[in-house]
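Dear colleague,

I am passing on the structure below, together with some notes on what was found in it. Please look through the sequence and the model before reading on.

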Amino acid sequence: MSIFLNNTEIQALIVEEKRITATTVDLFAMKSKKGHKESDITIPREGRSAFKVILRQNSKDPLDFSAILAFVPEKKKQDFKLRRYNGKHLHGNRLHKNKFYDFHIHTASEEYQRAGLKEESFAEVTDRYSNLAEAFACLVKDCNVILPEDKQLNFFN
């Protein structure tokens, strides 16, 4: 059974505090996979559910990247992508019938889920970042992610 969240639940999860601990910071060392580098960390929350932050970077194209915030409900293996900060590539919002080639931010929506599309299919153009580190900084700010004081956005140095 797939996960369905309404817009109120999605927004509540996005604004909920997510605290990255010193022990999880080391997991941001990106590992090579097929054609890209990737890393992820799990951020536990009360109960058995969790959040996950996933970073991906294409090995050949520096503009092809994603910084993702996902929710992982308890007893589910599938995650629910709440926000995705993407690099510059062609994206189309099927329900809104528009396309663009630019940096963009995906946000999960009830509307796209009801249409049978991926929860985070809707996206809007942004000029707030131009690389993965800046995209991650936007995710941290927008999604109430608290970093250890000694690590303040130095993950990519």
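**Notes on the sheet and its helices**

Strand 2 and strand 3, the latter covering residues 36–44, pair in the antiparallel sense over 3 bridges. Within this pair, Ser-32 stands opposite Lys-37 of strand 3. Please keep in mind throughout that the model is a predicted one.

The two strands belong to an open sheet of 7 strands, which runs in the order 2-3-4-5-6-7-8 with antiparallel pairing. Its edges are formed by strand 2 (31–33) and strand 8 (123–125), each of which pairs on one side only. On average, and with direction ignored, neighbouring strands of this sheet are turned by 35° against each other.

Helix 1, residues 7–15, touches strand 4, strand 5, strand 6 and strand 7 (98–107), and its direction makes about 95° with that of strand 6. Helix 4 also packs on the sheet, where it touches strand 4, strand 5 and strand 6, and its direction makes about 30° with that of strand 5.

Helix 4 can be followed in more detail. In this helix, which spans residues 132–142, the buried residues are Leu-132, Ala-135, Phe-136, Cys-138, Leu-139 and Val-140, and they pack against strand 4 (50–58), strand 5 (65–72), strand 6 (80–93) and strand 9 (145–146). At the start of helix 4, Asn-131 places a side-chain oxygen within 3.1 Å of the backbone nitrogen of Ala-133, while after the helix comes Asn-144, whose phi is positive, near 55°.

Within strand 4 lies Val-53, which counts as buried because its relative accessibility is 0%, the cut-off for buried being under 20%. The C-alpha atoms of Val-53 and Lys-81 are separated by 9.6 Å, although the two residues are 28 residues apart along the chain.

Turning to the chain as a whole, it has 4 helices and 9 strands, and these follow the pattern α-β-α-β-β-β-β-β-β-α-β-α-β when read along the sequence. Of its 157 residues, 44% are buried. Where contacts join residues at least 6 apart in sequence, 43% of them are between residues at least 24 apart. The accessible surface of the chain comes to about 9100 Å², and carbon and sulfur atoms account for 48% of that surface.

Definitions and conventions: Residues numbered from 1 in each chain as written. Predicted model: local features only at pLDDT ≥ 70, side-chain atom pairs only at ≥ 80, totals over all residues. Heavy atoms only, no water. Buried < 20%, exposed > 50% of the residue type's maximum accessible area, 1.4 Å probe, protein only. Contact = heavy atoms within 4.5 Å. Polar contact = N/O pair within 3.5 Å; in protein donor to acceptor, adjacent residues only side chain to side chain. Areas by Shrake-Rupley, 256 points an atom, 1.4 Å probe, with all protein chains shown as cover. Pairing = 2+ DSSP bridges. Axes fitted to C-alpha atoms, helices over the stretch in contact; angles between N-to-C directions.
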